[in-house]
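This briefing goes through a protein model by topic. Keep the sequence and the 3D view open while reading.

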Amino acid sequence: MTEPRNPGMSSVPQSNPSHTESSSQAVEMDPVEYTLRKRLPRKLPKRRNDVYVNMKTDFRAQLARCQKLLDGGGHREICVHGLGLAINRAINIALQLQASSQGALQLAANTSTVELIDDLEPEDPDEAGEPMTRTRNNSAIHIKVFYPDPQ
Amino acid sequence: QPRSDKVKSKCLESYGGRGQKCGGGDSPCPFPGLAAGVLEMRVKEGSKIRNLMGFAMARMQGEKTGSAVVFTGSGRAVTKTITCAEIMKRKVGCLHQMTKLRYKVVKEVWESNQGAASEMTVHRTVPSISILLSKDPLDPQEPGYQPPETLSALWEDRAGTEPSAQTTYKRPLGQLPYSGFPHCKKLCLEEEDQTNPA
């Protein structure tokens with residue numbers, strides 16, 4: 001949760017053997033020899049009305065960008081995507097948009113699972129450590145924010 | 001809005017950390033027309049996923065007990081709520097999903113730590129999510145509906161390319177550091193173009 005979503009910057013804890021022993025996933029590897037690199041999530045389908053929310057950009061800037069797409073961009077609907085920790089922010093943006101439209105906007109949320117890949121690279125190339133990859137899942141949300149068609 | 005925030009935090013300082021969260025009354029069920037006996041899993045920040053899933057899966061897999069379950073969570077429990085729903089979808093299969101988002105009003109009662117009988121109530125809004133998973137079909141016209149076994153209705157046009165894209169990305173390590181990503185993206189788009197007319 002506190003881990004920064006930043007590929008290549010985080011590493012396996014090295015000075016905490018008790019921690020790595022207790023977690024079953026880390027049993028077979030030596031924590032000293034590997035660096036954990038998180039790859040970026042794969043595939044980013046990007047239409048003009050897709051907005052990918054992250055935790056680095058200022059919240060208001062991301063909200064303003066969505067608002068602009070709906071107001072000035074001429075889009076009847078936009079798609080707000082959030083992965084992991086950014087799910088909360090994506091929901092917040094969607095709800096804020098809806099609230100400021102005085103009920104004109106509707107939300108349709110879908111959830112999905114995204115497979116993420118971590119690379120485990122040996123710290124010391126001379127050692128016999130094999131590079132490894134590990135896949136894990138993370139949850140994602142896709143919120144369609146749209147003006148309902150008059151019927 | 002920022003000003004009111006500042007006032008609030010200043011007030012709270014003198015009231016010390018004795019905040020007590022109360023639910024915002026009985027929030028109405030976001031799924032009208034749902035049978036009364038449906039299991040509602042209230043996911044909290046500290047809930048263990050294995051506990052939640054152990055209970056919910058037993059109810060869903062029991063022969064006559066349940067055909068639907070609702071996962072609800074707010075604030076920092078939203079991610080966990082989605083994860084629970086995703087795990088259940090994967091394990092049970094063929095589940096129709098309905099997702100609803102809304103703001104939930106949380107009433108916080110702050111007691112003064114100076115021993116006085118003064119109390120202060122603060123109304124905060126936190127985003128909350130409710131996910132209904134049902135073995136029986138739901139209304140596909142309702143916003144937030146997701147049919148079984150698909151990525152999502154939003155990705156309809158791309159859903160066909162999904163499995164092939166996935167295998168493309170499982171390449172051996174070491175060949176492709178981060179510099180390879182723009183390339184990957186291009187690959188994905190090409191595949192899409194090829195498979196779309198089919």
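In chain A, five strands make up an open sheet with mixed pairing, and their order across the sheet is S1-S4-S5-S3-S2. Strands S1 (34-38) and S2 (50-52) of chain A each have a single partner strand and stand at the edges, so one side of each has no neighbour in the sheet. On average, neighbouring strands of this sheet are turned by 25 degrees against each other, direction ignored. The model is predicted, and the points below should be read with that in mind.

**Chain A in outline**

- Chain A contains three helices and five strands.
- Along the sequence, these elements of chain A follow the pattern α-β-β-α-β-α-β-β.
- Chain A has 151 residues, of which 42% count as buried.
- Taking contacts in chain A between residues at least 6 apart in sequence, 73% join residues that are at least 24 apart.

**Pairing in the sheet of chain A**

- S1(A) and strand S4 (residues 106-122) of chain A run antiparallel and are joined by five bridges.
- In this part of the sheet, Arg37(A) stands opposite Asp119(A), a residue of S4(A).
- S4(A) also pairs with S5(A), again in the antiparallel sense, over 15 bridges.
- Leu120(A) has Met132(A) in S5(A) as its bridge partner.
- Of the 17 residues of S4(A), twelve are buried, and the strand is thus described as mostly covered.
- In a regular strand, side chains alternate between the two faces of the sheet.

**Helices lying across the sheet**

- Which strands does helix H3 (residues 86-100) of chain A lie across? This helix lies across strand S3 (77-83), S4 and strand S5 (132-146) of chain A.
- H3(A) runs at about 5 degrees to S5(A).
- Chain B also supplies a helix here: its H3 (residues 78-92) lies across S4 and S5 of chain A.
- The angle between H3 of chain B and S5(A) is about 110 degrees.

**Nonpolar cores**

- The largest nonpolar core has 44 residues.
- Those with the most contacts inside this core are Ile141(A), Ile143(A), Val145(A), Phe71(B) and Met88(B).
- H3(A) gives the most to the core, with eight residues.
- A second, separate core has seven residues, among them Ala68(B), Leu132(B), Leu138(B) and Tyr145(B).
- Leaving aside neighbours within four places in sequence, the contacts of Ile141(A) in chain A include Val80(A), His81(A), Ile87(A), Ile91(A) and Thr111(A).
- In chain B, Ile141(A) is in contact with Ile82(B), Leu101(B) and Ile129(B).

- Ile129(B) is part of strand S5 (residues 119-134) of chain B.
- Is Ile129(B) buried or exposed? Its relative accessibility is 0%, so Ile129(B) counts as buried.
- Not counting residues up to four places away in sequence, Ile129(B) touches Ile91(A) and Ile141(A) in chain A.
- Within chain B, the residues touched by Ile129(B) include Phe71(B), Val78(B), Ile82(B), Thr99(B) and Leu101(B).
- Ile129(B) and Lys104(B) are 25 residues apart in sequence, while their C-alpha atoms are 9.2 Å apart in space.

**Chain B in outline**

- Chain B has five helices and six strands.
- In sequence order, chain B follows the pattern α-β-β-α-β-α-β-β-β-α-α.
- Of the 198 residues in chain B, 39% count as buried.
- Chain B has an accessible surface of about 11900 Å², and 53% of this belongs to carbon and sulfur atoms.
- Among its contacts between residues at least 6 apart in sequence, 74% join residues at least 24 apart.

**Confidence in chain B**

- The mean pLDDT of chain B is 69, and 58% of its residues reach 70 or more.
- Residues 1-13 of chain B have a pLDDT below 50, and this stretch makes six contacts in the model beyond near neighbours in sequence.
- The pLDDT is also below 50 over residues 152-198 of chain B, a stretch with 60 contacts beyond near neighbours in sequence.
- Where pLDDT is low, the predicted coordinates should not be read in detail.

Methods: Residues numbered from 1 in each chain as written. Chains lettered and ligands numbered in written order. Predicted model: local features only at pLDDT ≥ 70, side-chain atom pairs only at ≥ 80, totals over all residues. Heavy atoms only, no water. Pairing = 2+ DSSP bridges. Helix = DSSP H or I, 4+ residues; strand = E, 2+ residues; numbered from the N terminus. Axes fitted to C-alpha atoms, helices over the stretch in contact; angles between N-to-C directions. Contact = heavy atoms within 4.5 Å. pLDDT = per-residue confidence, 0-100. Buried < 20%, exposed > 50% of the residue type's maximum accessible area, 1.4 Å probe, protein only. Core = buried A, V, L, I, M, F, W, Y, C linked by side-chain atoms within 4.5 Å. Areas by Shrake-Rupley, 256 points an atom, 1.4 Å probe, with all protein chains shown as cover.
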